Amino acid sequence: MFHEYHLAMEKTTKKHLAANLSMLMRVNDLSQVDLAKKAGVSQRTISNILNPDVDPAYSPTLNNIEKIAISLKIKVWHLLLPNIPPELLTSRTIEKVVENYTQIDESGRNEINRVAEAEVRYHQVSIAGSSVATENKPAPPAARKRMR
């Protein structure tokens, strides 16, 4: 059971790494060769990371991932985050959120989670073309502030 979970997690992590690296290369207008030179790794390493399904047995070394992250001026763990827009991957925002989150007590973290979930619901309703008012639901505090 653990082995199957580990393999599934590893496959997912590789896909997040590939997606984030591809997105950052696009944003920074870098080819595989450009990034390889900038990071001091081989072009084959970049290709293997970008195409995790071609050789499922391939696992990039932490050293190579660190070199790539440094060349892109981000932290290694940023490359592993799922579904993050490039502007958040390359900004200090994610780091600051995590840093702040770890420095407060459990009730503070619970409040942050509550507000974050409310903001996501509000955003989803807004995207769907509905207004919070027509559903007779009060907007979350941060959303109400933006409405003023």
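Leaving aside neighbours within four places in sequence, Leu 21 is in contact (heavy atoms within 4.5 Å) with Leu 35, Ile 49, Leu 50, Ile 68 and Leu 72. The model is predicted, so local features need pLDDT of at least 70 and side-chain atom pairs count only at pLDDT 80 or more, while totals for chains, interfaces and linings use all residues. Residues are numbered from 1 along each chain as its sequence is written, and side-chain values use heavy atoms, without hydrogens and water.

Leu 21 also belongs to the largest nonpolar core, which has 22 residues; together with Met 25, Leu 35, Ile 46, Ile 68, Leu 72 and Leu 79, Leu 21 touches the most other members. Such a core is a set of buried Ala, Val, Leu, Ile, Met, Phe, Trp, Tyr and Cys residues joined through side-chain atoms within 4.5 Å, buried being under 20% relative accessible area (1.4 Å probe, protein chains only). At least two residues of this core come from each of α1, α2 (32–39), α3 and α4 (62–71); α1 gives the most, with five residues. Helices are DSSP runs (H or I, at least four residues) numbered from the N terminus.

Within α2, the buried residues include Leu 35, Ala 36 and Ala 39. These residues lie on the same side of α2 because they cover an arc of only 100 degrees around the axis, taken from the directions from the helix axis to the C-beta atoms. Just after α2, Gly 40 has a positive phi of about 75 degrees.

How values were computed: Buried < 20%, exposed > 50% of the residue type's maximum accessible area, 1.4 Å probe, protein only.
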